[in-house]
Structure formats: C-alpha cells, structure tokens
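Biologist: Please put the model up. I will ask about it piece by piece.

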Amino acid sequence: MPHYVAIVEDTGPEKAVGIWFPDLPGCFSAGDDIDEALRNAQDALALYADSRAKEGRALPAPRTVSALKNDPGVVADLREHTIALIALPAATEHAAE
C-alpha cells in the first residue's frame with residue numbers, strides 16, 4: 001500500500017488545519033483540528049486518485065521523506081510544519097504508478 005507524504009499546516013486554534021501533498025499538486029485537505037484533517041486527507045487522496053484515473057492518468061510514485069528533503073521546493077515546508085504519511089486507500093491503489 002503506497003503512502004504519500006503530507007504537509008500538515010496548523011496555524012492556530014482560530015483557523016482550519018490544512019494538509020497538502022508535495023507529490024500531488026492540487027490535492028489538499030483540511031479540518032477543524034489535526035485529527036479531522038488527517039481523516040479527511042485520506043478521502044482527498046482517494047478522490048484525487050479517482051479523478052486522475054478517470055482522466056487516464058496514474059498517480060506519480062510517492063517520494064520518500066529523504067527524497068523530499070533534497071527538493072528545494074519542499075525542504076522549507078518539511079522544516080516548518082508537521083509531516084504525516086497518508087496511505088492510498090486499497091480501492092484506489094490501481095491508480096498509482
């Protein structure tokens with residue numbers, strides 16, 4: 001089961017917690033707290049995979065945290081925010097390369 005690295009942006013109790021995936025442009029999620037945002041993240045990942053599959057496009061292979069640390073476009077976010085690994089739901093695994 002592939003897991004995608006998610007960046008968890010928690011900017012305080014007055015704002016929603018946002019989650020986005022460096023390997024999946026346009027795939028994001030949110031919640032009133034971190035737990036809700038993480039639950040919603042797996043749903044967002046499944047919807048993203050289904051959308052790409054309908055377009056005839058596979059998901060890119062997930063990069064490791066080590067690989068992302070070498071990406072200058074992501075390294076600052078890895079330092080400043082929490083990260084989580086979100087599993088691609090089994091029903092959508094066929095959508096990954």
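Modeller: First a definition: buried means under 20% relative accessible area, exposed over 50%, and partly exposed in between (1.4 Å probe, protein chains only). This is a predicted model: local features need pLDDT of at least 70, side-chain atom pairs count only at pLDDT 80 or more, and totals for chains, interfaces and linings use all residues. Residues are numbered from 1 along each chain as its sequence is written, and side-chain values use heavy atoms, with hydrogens and water left out.

Biologist: Is Arg63 buried, partly exposed or exposed?

Modeller: Arg63 has 29% relative accessibility. Buried needs under 20%, and exposed needs over 50%. Arg63 therefore counts as partly exposed.

Biologist: How many salt bridges are there?

Modeller: A salt bridge is a side-chain nitrogen of Lys or Arg within 4 Å of a carboxyl oxygen of Asp or Glu. Side chains of opposite charge can pair when their charged atoms come close. By this rule, the salt bridges number three.

Biologist: Why does the salt bridge between Asp23 and Arg63 tie together parts that are apart in sequence?

Modeller: The N to O distance in this bridge is 2.5 Å. Helices (H or I, at least four residues) and strands (E, at least two) are DSSP runs, numbered from the N terminus. Asp23 lies in the loop between strand 2 and strand 3, and Arg63 in the loop between helix 1 and helix 2 (65–69), so the pair links parts separated in sequence by 40 residues.

Biologist: Is Asp23 buried or exposed?

Modeller: The cut-off for buried is under 20%. Asp23 has 10% relative accessibility, so Asp23 counts as buried.

Biologist: Which residues do shared partners join into one network?

Modeller: Arg63 also meets Asp71 in a salt bridge, at 2.9 Å, N to O. Salt bridges with shared partners make one network of Asp23, Arg63 and Asp71.

Biologist: Which residue forms a salt bridge with Arg57?

Modeller: Arg57 is partly exposed, with a relative accessible area of 44%. The closest N and O atoms are 3.1 Å apart, and the partner of Arg57 is Glu55.

Biologist: How are Ala46 and Cys27 separated, C-alpha to C-alpha?

Modeller: Ala46 sits in helix 1. Ala46 is buried, at 16% relative accessible area. Ala46 and Cys27 are 19 residues apart along the chain, and their C-alpha atoms are separated by 9.8 Å.

Biologist: Is Pro25 buried or exposed?

Modeller: Pro25 is in the loop between strand 2 (17–20) and strand 3. The relative accessible area is 61%, so Pro25 is exposed.

Biologist: Where does Asp33 lie?

Modeller: Asp33 is partly exposed, at 39% relative accessible area. Its place is the loop between strand 3 (28–31) and helix 1 (34–54).
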